[in-house]
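Hello,

Here is the structure I said I would pass on. My notes on it follow below.

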Amino acid sequence: MPVPIPRQRAIPAVESGQAQAASPGGTSTEEAPRKETTVENTSHTNLTLLLIEDDPGGSAIVPELLDSAGKPIRVRTARNLTEAERLLTDDVHCILLDLALPGRPDDEDELGVLKHVLELAPRHAVLALTASGDAERGAEAVRVGAQDYLFRDELDGRLLSRAIRYAVERKRSDTAERRLAEGRMRAQENRRLERGLLPTPLLEGSSLRFAARYRPGRSRALLGGDFYDVVRTADGTVHAMIGDVCGHGPDEAALGVELRIAWRALTLAGLCGDELLGTLQQVLEHERADDEIFATLCTVDIAPDGRRAGLCLAGHPSPLLARPGRAARLLPYDNNGPALGLLPGARWPRMQVELGAEWSLMLYTDGLIEGRVGEGRERLGQDGMVSMVRRQLSEGLRGEALLRAAVNEVRDLNGGELADDVAVLLLDRGV
């Protein structure tokens, strides 16, 4: 006998149509209309049973049934799988299947009809009905996927009512357990993906300090269309990059990863500036799913002495430079080139910038500046972001703490989670 399972949250009921119903006296009424409502908690709502059995004589094998609250359990009858599919609406809680029902001509398995029912109703509880001398077949039915089995000639109302209630609750419990296990598996896979797809900076031998924050805009997403990376080449130059593929779906996230990996490979191979961006544009044009997709990019190459850098902008916001004793400011962006993927044969000028002896350089995507400020339509913008970072620097925030405070404040100003992806990275020298 099945053991009772703790009751789960109720599922709302709906009205249904017509089918055969077994009367308490054992006669059946064909196509009798009935009001049906479905599951919720089995102690509060009438249960509905779908009986699938082949009885040419029309004699009812199901006695009068009552649920735990004394309410009648409604019964629909289907003579074959075609009828069962028509009668299997959302308000059915449990299926009682006679294993003696003839299967389909192509069935090679004696439990073929049960397997068809399980495919037809993966979210419903299923009870198998078999002859008293065929316990082995009943046990096999449970192994295949039924919640329990019953003997046809031992049925009584009390036994069947309890079996139905327990089967429904067991199915709910199994479903909840499976979803929990799937959630845990997805979380483990996400952690593995995160380790593999988010970059690990290659800064060995450099005195620069690195920090980054990343927040995808899609709900429950691991990655968005934003991407970044930092590497140090053999000559001591530190190269940093941040970019943004237009759009927020998984295709854009995958393209962002491809561009990041391509940038790292090209940088380590010695490419820089216009030559590197031109090659990245070819990669994007080849890999994108649609000709309308483009990507913005900001690259910085910091000289081995750390005092100056080359800057290339491809339709991307300019980095913010902070130095002791001076107000944080945006680097020049007058020579900003077009985003990758917009203009064939485009060029991206490389600007020389003086950094000084001590500095912090913040690269970011537009998700950080396009959030709203309050309930109106006003956006934070670059000026608002610069003012915010200046204040946070004056409060003594640096490194990870600065980035965390910046992203959190932008989210708070927006009144909740940001719709766009956000990526921010910070390089510090002697600060």
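The largest nonpolar core in this predicted model has 30 residues, and the members that touch the most others are Val300, Ile302, Leu311, Trp359, Leu363 and Leu425. Another core lies apart from it and has 23 residues, including Tyr364, Leu368, Leu380 and Val422. In soluble globular proteins, nonpolar side chains tend to be buried together.

Leu425 also turns up among the contacts of Asp229. Asp229 sits in strand 9, residues 226–232. Its relative accessible area is 0%, so Asp229 counts as buried. Leaving out residues up to four places away in sequence, Asp229 touches Pro199, His239, Ala240, Met241, Arg260, Trp263, Arg264 and Leu425. Ile261 is 32 residues from Asp229 along the chain, with 8.7 Å between their C-alpha atoms.

Arg260, Trp263 and Arg264 are among the buried residues of helix 5. That helix covers residues 250–268, and its 19 residues span 27 Å from first to last C-alpha, close to the 27 Å expected at 1.5 Å a residue. Just after helix 5, Gly270 has a positive phi of about 105 degrees.

Helix 6 (residues 273–287) packs on helix 5 at an angle of about 145 degrees, and the axes are 10 Å apart. The crossing is right-handed. On the helix 5 side, the contact is made by Leu255, Glu258, Leu259, Ala262, Trp263, Leu266 and Thr267; on the helix 6 side, by Leu276, Thr279, Leu280, Val283, Leu284 and Glu287. By class, this contact has nine nonpolar, two polar and two charged residues.

Regards

Note on methods. Residues numbered from 1 in each chain as written. Predicted model: local features only at pLDDT ≥ 70, side-chain atom pairs only at ≥ 80, totals over all residues. Heavy atoms only, no water. Helix = DSSP H or I, 4+ residues; strand = E, 2+ residues; numbered from the N terminus. Expected span 1.5 Å × (residues − 1). Buried < 20%, exposed > 50% of the residue type's maximum accessible area, 1.4 Å probe, protein only. Axes fitted to C-alpha atoms, helices over the stretch in contact; angles between N-to-C directions. Left-handed = near helix turned anticlockwise from the far one by under 90°. Contact = heavy atoms within 4.5 Å. Nonpolar A, V, L, I, M, F, W, Y, C, P; charged D, E, K, R; others polar. Core = buried A, V, L, I, M, F, W, Y, C linked by side-chain atoms within 4.5 Å.
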